[in-house]
Amino acid sequence: MKRSKLHTFYNPKMALDPENLTGYTQTPAKPRLLMEYLERKGLLESFFLDGSFPPLLREDFYIAHTKEMVDNFFDKGKTSKLLRIKWTPEYAESVTYENASLYYAIRYAVQNPEEVCFSPSSAFHHANPTRSALLCAFSGQVIASMKVYYEFGLCGAYIDLDGHYGNSIDNSRDFVPEIDKAISPVCGNINIIARHQVYIEELKANLKILRNEILENRVHYIVFCHGADSHEWDELASQVSTEEWTECSRLVYTFVLDLQKEANKQIPLILTLFGGYRRDDYNSVLSLHTTDLVTCLNILCGRKINYITEVSPRIISKVS
């Protein structure tokens with residue numbers, strides 16, 4: 001039995017104040033917004049908050065990116081137009097903490113596999129070695145997994161159920177030495193490009209492949225990234241209904257539970273957030289993420305939390 005709380009690597013410095021955001025997205029504030037939502041719903045007691053981790057150093061970002069790109073970001077506030085987020089010193093600092101959150105969550109999980117770890121982070125999986133892209137400043141997955149590999153010699157797999165294909169891992173394979181040893185080339189970047197029931201069947205097929213890689217000791221930990229933008233009412237993607245989205249959570253956590261019994265050992269599991277875009281009702285995004293976290297708590301942590309998903313149909317403005 002895993003411990004009854006999610007070990008949550010959250011530091012307030014990893015999120016911007018939502019009142020100070022400019023531009024399209026609330027993603028830079030999402031970690032803070034989610035923590036506040038969990039507190040309003042009386043659920044925060046199910047999360048052990050650990051904010052003691054330090055930010056990543058500039059040298060850590062060189063692992064997955066060119067020196068020119070990293071230095072331009074931190075020294076000059078220069079970013080790709082594809083980032084779509086206004087650069088500020090506060091934003092730059094938040095990036096160092098958000099990337100650190102994922103790394104320290106994985107690091108802790110592989111050392112303490114009886115605990116499910118949670119990094120309330122989002123913007124990683126579109127950045128390339130030479131530029132930021134689509135709200136993602138840096139390739140946090142690549143940085144975190146490479147650091148874990150260098151320290152422990154372990155290989156991970158990402159179940160990326162964001163509504164947009166996560167390209168950072170694939171695009172880094174020619175740039176980052178030994179990445180195939182840190183993130184499985186067989187099943188390390190699971191993305192589903194389908195809709196509704198076909199989506200679910202493809203997820204099941206990918207989990208079968210992942211099962212074999214774990215049983216053969218070629219994959220040592222799992223990071224589950226259940227983006228809310230795969231929901232059918234999201235602004236930027238639309239693949240599954242509320243029922244199908246929650247079924248995916250149940251499938252993944254039941255898969256982990258069954259695999260632990262089959263392998264007779266704890267499987268290090270790390271949760272993170274990724275996408276979700278609702279300018280009309282951001283609470284719908286936060287509620288989907290909460291549903292996923294509660295599902296994990298109930299299946300893997302022995303809790304009996306009764307939480308009802310609160311997702312409203314998206315309001316589409318009509319242009320006259």
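**Fold and cysteines**

I started with contacts (heavy atoms within 4.5 Å). Among those between residues at least 6 apart in sequence, 76% join residues at least 24 apart.

I'm working on a predicted model, where local features need pLDDT of at least 70 and side-chain atom pairs count only at pLDDT 80 or more, while totals for chains, interfaces and linings use all residues. Residues are numbered from 1 along each chain as its sequence is written, and side-chain values use heavy atoms, with hydrogens and water left out.

Next I looked up secondary structure, as DSSP runs numbered from the N terminus (helices: H or I, at least four residues; strands: E, at least two). I got ten helices and seven strands. The radius of gyration is 18 Å, close to the 20 Å that the globule rule gives for 320 residues, so the chain is as compact as a globular protein of that length. For that I used C-alpha atoms, and the rule is 2.2 Å times the number of residues to the power 0.38.

Then burial: under 20% relative accessible area is buried, over 50% exposed, partly exposed in between (1.4 Å probe, protein chains only). Buried residues make up 58% of the 320.

Last, I checked for disulfides (cysteine sulfur pairs within 2.5 Å) and found zero. Cys-117 counts as buried, at 0% relative accessibility. Cys-301 is buried too, at 3%, and the closest cysteine sulfur to its own is in Cys-296, at 4.9 Å, also too far for a bond.
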